[in-house]
Amino acid sequence: MTATESTTGPTGAAPETARPRRRSTATDLAQIAVFAALIAALGLPGALYLGGTAVPITFQTLGVMLAGAILGARKGFLAVLLLIALVAAGLPLLSGGRGGLGVFVAPSVGYLLGWLLGAAVIGWATARLLPRYRILPALLWTALGGIVAVYLIGVPVFAAITGTPLGAAATASLVFLPGDLVKVVVTVLVAKGVHRAWPGLIEPKAWPWARRKAVDASA
Ligand SMILES: O=C(O)CCCC[C@@H]1SC[C@@H]2NC(=O)N[C@@H]21
């Protein structure tokens, strides 16, 4: 048997049962580890505390958004989870060299946990935006995951831990908005280029409402 036959069958044609090739677990793990490392590396420039809030402005949120937009929901979520697990184990991987269990009782812990939801929402939407990945919807969905979902957990937890009224905590979070909007734009432009260069990274999926319409039409 030739090398070609071993992958395509004796006729040289793809076997009829051939399915789209599922990437290996090793590749998945490598991608998850690379993005956890990227998020950690984006903490190296440091943490900026503005407006008297105990939550830092950090480039790490860019890494979280990129993880969702480039790896998809499951792997993006796992990359953030890996980073958080390493932080919990004591590694100083958060901006400003923070790490250890103390991080999980600090005012910023809600935002940290919000990163998990943010990466998952961005990844979920990105799978539905592909293969076209039009810029405007991508910007809206990335902002929904990378800003709204993250703040949705971050703001109330910050309010509860610091005893700040919810409205004041929400107002305080506005200091992050300009930087986070820039990160959304950078994420979408980078993701657009990456998905054009490596089209198989995230399997495109249908929006739930499009699937329902198809089912209704076939009934
Ligand atoms: O380092 C931590 O403990 C978590 C940092 C959370 C930072 C939040 S995430 C959303 C917003 N954007 C930022 O740049 N900072 C905050």
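These legends describe close-up views of a predicted model.

**View 1. Annotated spans along the chain.**
The unreviewed UniProt entry carries the annotation "transmembrane region". Residues 78-95 are 61% helix and 0% strand. The end C-alpha atoms of residues 78-95 are 19 Å apart. Residues 101-126 are 69% helix, again with 0% strand. Here the end C-alpha atoms lie 32 Å apart.

**View 2. Helix 3 against helix 5.**
Two packed helices are described by the angle between their axes and the distance between the axes. Helix 3 spans residues 60-71, and helix 5 spans residues 109-129. Their axes come within 7 Å and cross at roughly 35 degrees. The crossing is right-handed. Helix 3 brings Q60, T61, V64, M65, G68 and A69 to the contact. Helix 5 brings W115, A119, I122, G123 and T126. What kinds of residue make up this contact of helix 3 with helix 5? There are 6 nonpolar and 5 polar residues, and no charged ones.

How many residues surround the ligand? The number is 15. The closest are P56, R98, S108, D180 and K183. For R98, a polar side-chain atom lies 2.5 Å from an oxygen atom of the ligand. For S108, the distance from a polar side-chain atom to an oxygen atom of the ligand is 2.7 Å. In K183, an N or O atom of the side chain is 2.9 Å from an oxygen atom of the ligand.

**View 3. A143 in helix 6.**
A143 sits in helix 6, which runs over residues 135-162. Leaving out residues up to four places away in sequence, A143 touches V148 and V184. G118 is 25 residues from A143 along the chain. The C-alpha atoms of A143 and G118 are separated by 9.1 Å.

**View 4. The loop between helix 5 and helix 6.**
Most residues other than glycine have a negative phi, and most peptide bonds are trans. This view shows an exception to each. P131 lies in the loop between helix 5 and helix 6. A cis peptide bond joins L130 to P131, with omega about 5 degrees. Y133 is also found in the loop between helix 5 and helix 6. What is the phi of Y133? Phi is near 50 degrees, a positive value in a residue other than glycine.

Conventions:
Residues numbered from 1 in each chain as written. Predicted model: local features only at pLDDT ≥ 70, side-chain atom pairs only at ≥ 80, totals over all residues. Heavy atoms only, no water. UniProt positions renumbered as here; feature names shortened; annotations may be inferred. Helix = DSSP H or I, 4+ residues; strand = E, 2+ residues; numbered from the N terminus. Axes fitted to C-alpha atoms, helices over the stretch in contact; angles between N-to-C directions. Left-handed = near helix turned anticlockwise from the far one by under 90°. Contact = heavy atoms within 4.5 Å. Nonpolar A, V, L, I, M, F, W, Y, C, P; charged D, E, K, R; others polar. Near = heavy atom within 4 Å. Polar contact = N/O pair within 3.5 Å; in protein donor to acceptor, adjacent residues only side chain to side chain.
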